[in-house]
Amino acid sequence: MAQSFPYTYYACDCYDNTTAASAKRASQILADADDEDGTFDPRSPRANYALYPLEHLLYCDDCQQIRCPRCVIEETLNWYCPSCLFEVPSSVVKSDGNRCTRNCFNCPVCIAPLTVNSLENPDAPSATGGPFILACPYCHWSTVETGIEFDKHTGVHGQLARIANGGTPLPTQKERDKDRERRKELDARQRDSRHLLSPSEDSPTTTDRDGARPPPTRDDVFANLSAFYKTQIEAQTPTNPFSAHDLNFSSPSAYSRIMNLYSSTGAKKQKRGKPTPMREAASELEGLLVHDTASDNAAIERIKRDGWSSTLSQAQKLAQADPHVRSEDALRPIATLLCTKRSKRCRSCRHILSKPESKITSTRYKIKVLALSNIPRLSLRALPSAATPAVPPTPGSPALAPFNYNNLRSGIPTHFLLQLSNPLFDTIRVTLATPSTTSGRVQTRVTILCPQFEVGANTDMWDDALSSSVPSAGRGSAADGHIEAGKVWDRGRNWTSVVIEVVPGFLKPVVGFGQTSDADELDEDDDLLEIPIFVRLEFETEANAEDKGLGDSRGSKGEKERREEAFWTVVGAGRIAAM
């Protein structure tokens, strides 16, 4: 694994949950753990979707359960541009394509933010003399390479939408509609004139003139196709008010048919005919686009002449509004993608788990219930061997070699310290459980020497300093360095450490003298030692008036309620070395 040893992952039960998450309390988790099949297996393929670090988890106070990223529902609070920090109304986000409509653009080559510079002095962003261009301060790409210039340094998004590469103006939607209607009338006149002429008198000048027109752009094709289907829908005679082809529900005829369905229940049902199918586009003015092999041949010849470096990468193609661009001269500035601020709710009870402040410049949260503030933190480290002196080394003595977690010896008992830190303000009683042998082909024996113990409350640090000055019999039961079953190793203000004895298994089966092993080769991570540990917590905390249904909170002040929580963790102890 990429993470260094040792590490601790927490398991969320949502990956294999047959009941509602809100109804599955610690008692049900305990019942599942008592069954043999209920033991958590870290080598299961489904375990990859259940293990998370503690810092990535939230906690639901109502359900009293851990909440992973799959257990929450996200709600968008607002949209904003990360470049200019301008909040965008939600009503225009869809129409604007989730992009900033101000002067915020990214470089199509290196995705760095572009700046508006004067063409007379491109190195001075504050120059006021026009014309203006968009330039990248990182890779020095600018719109001059594509022939795009702007008259003003503001409203760049609107100016760019009206200019094509090379500086030619783009027609508006009204101009496209007028040109389409004019060409339709011209084609109708030409068809009428062909009927009056004989086949020998049919002149090919019109065809040549039409063939000389530049190929239509994708915006022209979309506009023609949209107008064609709109005309087809309007021309259809609606027969079924709920048909997929009858989309005009606001028409009087559709309204009367819908009312007739519910007004006369005993009336004789009339047979409804099938709607006439719409025809497809048959000409260029209707949106038909015939593949032109000349453009493909031109692109091939350009690659032969300029090389493969003149083409675009897949990421650059997908970032463009037209993903079918091929060369660098067709690149256009990329409008900055909008970002969102989102709140997170529990999927079961809809309780708010995380909610940031609505102010764009603020990085604070109004509500954020973290799991590390409600769940004990488990950490593992190797216990020094008994032969190691307890006194620290002198400056002149050689330093002790650190423990190698990637070289666990098979069959040799190794002791680890498992430390639990309590973030709560109440003392908790902890019960640990783990399988006697780990799952997988390489079985390792694991024994927790002290499975039941208490962890102190997370009180003020000065309380720990005062208590440390007074000798206490219960403070550090194994401070002399002797490992004893049933006793904790050490404890502090809000933490307790116990000893875990691990006997790593053998990577290859042990065979007698003169015998050979026909065992298959080990798979990936078969030598990885991961210990599943079941943690059960019991503590008493102040009762909440809302949970008990009391109207007056003064009546429940000082009352205690008993809580119980349980969850699975996986501790990575290291790797078993090959003998």
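User: Where in the chain is Cys136 found?

Analyst: In this predicted model, Cys136 belongs to the loop between strand S9 (132-135) and helix H2 (156-161).

User: Is Cys136 buried or exposed, and how does one decide?

Analyst: The general idea is a cut-off on relative accessible area: a residue under 20% is called buried. Cys136 has a relative accessible area of 3%, so Cys136 is buried.

User: With which residues is Cys136 in contact, leaving aside its neighbours within four places in sequence?

Analyst: Those residues are Cys107, Cys110, Ala112, Leu114 and Trp141.

User: What share of contacts in the protein chain joins residues at least 24 apart?

Analyst: Among contacts between residues at least 6 apart in sequence, the share that joins residues at least 24 apart is 67%.

User: How should I read a sheet, and in what order do the strands of the open sheet of five strands lie?

Analyst: In general, the strands of a sheet pair through backbone hydrogen bonds, and the pairing is either parallel or antiparallel. Here the order is S6-S5-S11-S12-S13, and the pairing is antiparallel.

User: Which strands stand at the edges of that sheet?

Analyst: The edges are formed by strand S6 (87-88) and strand S13 (365-368). Each has a single partner strand, so one side of each is left without a neighbour in the sheet.

User: How many bridges join S5 to S6, and what is the bridge partner of Trp79?

Analyst: Strand S5 (residues 72-80) is joined to S6 by two bridges, and the two strands run antiparallel. Trp79 has Val88, in S6, as its bridge partner.

User: What joins strand S15 to S14 and to S20?

Analyst: Strand S14 (residues 377-382) and strand S15 (residues 414-421) run antiparallel and are joined by six bridges. In that pairing, Arg377 has Ser421 of S15 as its bridge partner. Eight bridges join S15 to strand S20 (residues 495-503), again in antiparallel fashion. For Gln419, the bridge partner in S20 is Ser497.

User: Where is Asn422 found, and is Asn422 buried or exposed?

Analyst: Asn422 is in the loop between S15 and strand S16 (428-433). Its relative accessibility is 0%, so Asn422 counts as buried.

User: Which backbone atoms lie at polar atoms of the side chain of Asn422?

Analyst: The backbone nitrogen of Leu424 lies 3.0 Å from a polar atom of this side chain, and the backbone oxygen of Asp426 lies 2.9 Å from a polar atom of the side chain of Asn422. Leaving aside neighbours within four places in sequence, the residues in contact with Asn422 include Val455, Gly456 and Asn494.

User: Where is Ser327 found, and what joins the side chains of Ser327 and Asp329?

Analyst: The loop between helix H8 (314-319) and strand S10 (334-335) holds Ser327. Ser327 is buried, with a relative accessible area of 12%. Its side chain is joined to that of Asp329 by a polar contact of 2.2 Å. Leaving aside neighbours within four places in sequence, Ser327 is in contact with Arg302, Ser310 and Leu312.

User: How many aromatic pairs does the structure hold, and how is a pair described?

Analyst: A pair of aromatic rings is described by the distance of the centres and the angle of the planes. The structure holds nine aromatic pairs. In one of them, the ring centres of Tyr10 and Phe567 are 5.8 Å apart and the planes are at 35°, so the pair is tilted. This pair links distant parts of the chain, with Tyr10 in strand S1 (residues 7-11) and Phe567 in strand S22 (residues 560-575), 557 residues apart. Tyr10 counts as buried at 1% relative accessibility, and Phe567 counts as buried at 5%. Elsewhere, ring pairs link Phe5, Tyr7 and Tyr9 into a cluster.

User: Which residues lie over the faces of Phe86 and Tyr365?

Analyst: Arg102 lies over the face of Phe86, at 4.5 Å from the ring centre. Over the face of Tyr365 lies Lys368, at 4.2 Å from the ring centre.

Notes: Residues numbered from 1 in each chain as written. Predicted model: local features only at pLDDT ≥ 70, side-chain atom pairs only at ≥ 80, totals over all residues. Heavy atoms only, no water. Pairing = 2+ DSSP bridges. Helix = DSSP H or I, 4+ residues; strand = E, 2+ residues; numbered from the N terminus. Contact = heavy atoms within 4.5 Å. Buried < 20%, exposed > 50% of the residue type's maximum accessible area, 1.4 Å probe, protein only. Phe/Tyr/Trp six-rings, centres within 6.5 Å; stacked < 30°, edge-to-face > 60°. Lys NZ or Arg CZ within 6 Å of the ring centre and 35° of its normal. Polar contact = N/O pair within 3.5 Å; in protein donor to acceptor, adjacent residues only side chain to side chain.
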